Structure formats: structure tokens, C-alpha cells
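Welcome! Have a look at the fold below, and then we will walk through some of its helices, strands and charged pairs together.

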Amino acid sequence: MRLTSMHCSRLASSPSSLLTIMSYPRLTTEQMLRKDQKTISRQGTKVAISAIYMDLEAFLQRSGLIADLHAFCQAHSYDALVAMTIFFNTYNEPVRQLAVFCPHAALRVTVCGVLERSHSPSLKLTPAPSIHPNLQAYLQGNTQVSRKKLLPLLQEALSAYFDSTNIPSGQPETEGVSREQVDKELDRAGNSLIPGLSQDEEEPPLPPTPMNSLVDECPLDQGLPKFSAEVIFEKCSQISLSESTTASRSKK
């Protein structure tokens, strides 16, 4: 299937239709986060990156969101969560926003600092009002930076975090370890004692996505498992940029 400007126009002119197709209103917070998610890790520290196809403000207004995010990270042993929201505005322009949720202050500050100072690529982040001290929200000015381009920056953030917490050689390992790190290890040890749970086992499959009258018995249902909405939005953004560049050249 080849995306054309016509397909992009249809998606852009009716973003609510895309959300309806994806049954977002009926999904729990965990289902929304896991529907399109990647994970990176370093030395046992795990960061989840989820693409969410709605306005960040609407996402942050979900009832009990902070408790849901905390439960999600704890259930899957994630130390931090990065949510990248994508939608089209009334001018058919792609809008990207970003939120970093992390109960560990040192890790959160490091991740946010790397993202804010990045120049290759530059995300052009503008801090947005936050609803909780453990969550930092941003408006992303550079809409060309997708999750694929964000992953190396998060790897860099993890490296910087561990560089800043390294214990000097010759000292006992217990010296210089912050209370935050000790609490983290205790939480992991406690989780490992829960019967039936193992971090090495595969996670159980997600429950089926709720369906509605617009998508019941759709012939394309489960027909394109590798064609994510993230790819569609990024392709639309590229096509829109290409068309605008071509139009400006023709006017000259």
C-alpha cells in the first residue's frame, strides 16, 4: 500500500476518525501505552517509549492518570516512561508533544536534560504545564523527529545517568549509593517474589482491542500487523513537507 497525498488529506482532515478506528476512547491507560511501544535498557534500568495518537492535554486529563502510569511502570519494571503524542490540528498540520514520567528524580532530570539540549536532532522542546512533580510535559517544535530518532537520545540519556552515578574505584559498593537506588533495588527484589511473575518470561498478550460499529467485521482487521499508525503519521508529515517545498519552488 502506497500512501498518497489523498490518503494523508483524509487522515489529516478527520483525526477523530483515526482515533475511532483505533478505539482509543475505550482503551485503558495501559492498553494505550502498550499498543505501540518500544523499550530500551541499560544495566538493568528500563525505559518505555509509547506512541499515543491523541492530544497530550486530553491524555493528561484522563482520570487517575498518575496512578495508572505508576502502576504501569511498576508492573513492567520500567524506571521511566516517555509518551510521544501525535495528531493533526485543524490546519492539517502534524503536532507532536512529549511527556516524561519517572518517579526517580535523578533519572528524570537526566533524561529531560538530554532531550532539551539535543542539537542532533533538535527537538525544539517547550515546557508545558505539568500535573505532577514526577511528570514533565513538552510541546515538540520539530515535528520531523519521530520515535525512531528519539531512541538514540534516550540511550545517550541512560549512558549519562550511569556516568553520573558511577562509584569511584577502590570504595565499597555501598558507599555513595543514593537512597533512590536502594529503594529501586528493593522494589525489584520484592517484585521477583510475587508468585507466577518472572522478568525473564514473556509478557501475556494484550486483551483484544475493543471494537465499535465503524470497524466491526472490517475486511482489513488484523490484515496489516506491521503497518503502525506511527509509520502513517511520519509518512504523511514527509509528504506534506515535500508538497509544500514543491509548491514554493513552482511559485518562484
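## Helix H6 and how to read this model

Let's begin inside helix H6, where Leu-107, Arg-108, Thr-110, Val-111, Cys-112, Gly-113, Val-114 and Leu-115 are buried. Here, buried means under 20% relative accessible area, exposed means over 50%, and partly exposed lies in between (1.4 Å probe, protein chains only). Helices (H or I, at least four residues) and strands (E, at least two) are DSSP runs, numbered from the N terminus. The 13 residues of H6 cover 105–117, and its end C-alpha atoms are 18 Å apart, which agrees with the 18 Å that they should span at 1.5 Å a residue. That expected span is 1.5 Å times one less than the number of residues.

This is a predicted model, in which local features need pLDDT of at least 70 and side-chain atom pairs count only at pLDDT 80 or more, while totals for chains, interfaces and linings use all residues. Residues are numbered from 1 along each chain as its sequence is written, and side-chain values use heavy atoms, leaving out hydrogens and water.

Helix H7 has 19 residues (147–165) and reaches 27 Å from its first C-alpha to its last, close to the expected 27 Å. Its buried residues include Arg-147, Leu-150 and Phe-162.

Gln-144 sits in the loop between strand E6 (135–140) and H7. With a relative accessible area of 27%, Gln-144 is partly exposed.

## Two salt bridges

How many salt bridges does a search of the whole structure find? There are two, each being a side-chain nitrogen of Lys or Arg within 4 Å of a carboxyl oxygen of Asp or Glu. One links the side chains of Glu-30 and Arg-34 at 3.7 Å, N to O. Both residues belong to helix H3 (29–35) and are four residues apart, about one turn of the helix.

Asp-36 and Arg-147 form a salt bridge too, with their closest N and O atoms 2.7 Å apart. Asp-36 lies in the loop between H3 and strand E1 (37–42) and Arg-147 in H7, so the pair ties together parts that are 111 residues apart in sequence. Both Asp-36 and Arg-147 are buried.

## Strand E2 and its partners

Seven of the eight residues of strand E2 (45–52) are buried. E2 runs antiparallel to E1, joined by six bridges; strands pair if DSSP finds at least two bridges between them. Ser-41 has Lys-46 in E2 as its bridge partner.

E2 also pairs with strand E3 (80–88), in the parallel sense, over six bridges. Here Ser-50 stands opposite Ala-83 in E3.
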